[in-house]
Amino acid sequence: MSAPLSPRAELRRALRERRQQFALSADYAAAEAALARHLTQVITQLEPQCLGLYVSIRSEFNAVVALAADAYCDQLPWALPFCRREPREMDYRQWDRSATMVPDECGIASAAGPVVVPDVVLVPCVGYAAGGYRLGYGGGYFDRYLAKHPHLTTVGVAWSFTELGAEQFSPQPHDIPLTLIVTERGVAP
């Protein structure tokens with residue numbers, strides 16, 4: 001018999017399951033288009049010199065496809081995270097979109113280009129809370145990276161139904177707030 005999940009692990013599991021169900025729903029296409037529109041507007045306003053994206057997994061919003069469809073965003077230099085298991089850390093690698101993608105040590109698609117430090121980074125959120133806090137997958141990769149690079153502009157990408165109230169989520173000391181969070185409804189308050 002397996003041990004019960006911690007409250008955060010249970011919350012992650014429930015939110016991922018709800019996100020998966022949403023991705024299969026009739027409402028998904030309209031929400032996806034709205035999130036793409038809002039995210040494109042935010043990135044255009046931020047005018048990054050290098051944009052750190054993520055390759056979507058587990059029914060996450062596909063920011064790569066959404067931003068590639070926009071003429072301005074598609075011309076930006078892009079970078080993808082590359083995670084290592086030991087030591088547990090992450091960096092970004094330049095992605096010219098013509099080279100074959102390579103898996104990082106966690107098995108997630110990444111780039112083989114040189115290490116770069118983007119000035120704007122998109123951060124996938126399993127959930128999010130007031131103050132710009134995010135609930136991720138629990139590996140701590142983004143928190144460690146953001147702690148080393150506090151000057152970055154960080155844009156959380158989430159679905160509005162994953163917003164967590166104070167009774168569901170309290171930030172832990174290592175949690176780093178994001179600059180802003182974008183959902184299908186716009187920039188989260």
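Student: Is Arg8 buried or exposed?
Tutor: This is a predicted model, in which local features need pLDDT of at least 70, side-chain atom pairs count only at pLDDT 80 or more, and totals for chains, interfaces and linings use all residues. Residues are numbered from 1 along each chain as its sequence is written, and side-chain values use heavy atoms, with hydrogens and water left out. Buried denotes under 20% relative accessible area and exposed over 50%, with partly exposed in between (1.4 Å probe, protein chains only). Because its relative accessible area is 15%, Arg8 is buried.

Student: Which residues does Arg8 touch, not counting residues up to four places away in sequence?
Tutor: Arg8 is found in helix α1, residues 7–23; helices (H or I, at least four residues) and strands (E, at least two) are DSSP runs numbered from the N terminus. Contact requires heavy atoms within 4.5 Å. With that exclusion in sequence, Arg8 touches Leu135, Phe169, Ser170, Pro171, Gln172 and Asp175.

Student: Which residues in α2 are buried?
Tutor: Helix α2 comprises residues 28–46. Its buried residues are Tyr28, Ala31, Ala34, Leu35, Ala36, His38, Leu39, Thr40, Val42 and Ile43.

Student: Against which strands do the buried residues of α5 pack?
Tutor: In helix α5 (residues 141–148), the buried residues are Tyr141, Phe142, Asp143, Tyr145 and Leu146. They pack against β2 (78–84), β3 (89–95), β6 (115–116), β7 (120–124), β9 (133–135) and β10 (153–157).

Student: What volume does the largest cavity have?
Tutor: On a 1 Å grid over the protein atoms alone, a cavity is a set of points where a 1.4 Å probe fits but cannot get out, and lining residues have an atom within 4 Å of a point. Grid points are joined across faces, edges and corners, and a volume is the space filled by probe spheres set on the points. The lining of the largest cavity includes Arg19, Leu35, Tyr54 and Glu60. The volume of the largest cavity is about 70 Å³.

Definitions and conventions: The expected span of a helix is 1.5 Å times one less than its number of residues. On a 1 Å grid over the protein atoms alone, a cavity is a set of points where a 1.4 Å probe fits but cannot get out, and a pocket is an open set with protein on both sides within 12 Å along at least five of seven lines; lining residues have an atom within 4 Å of a point.
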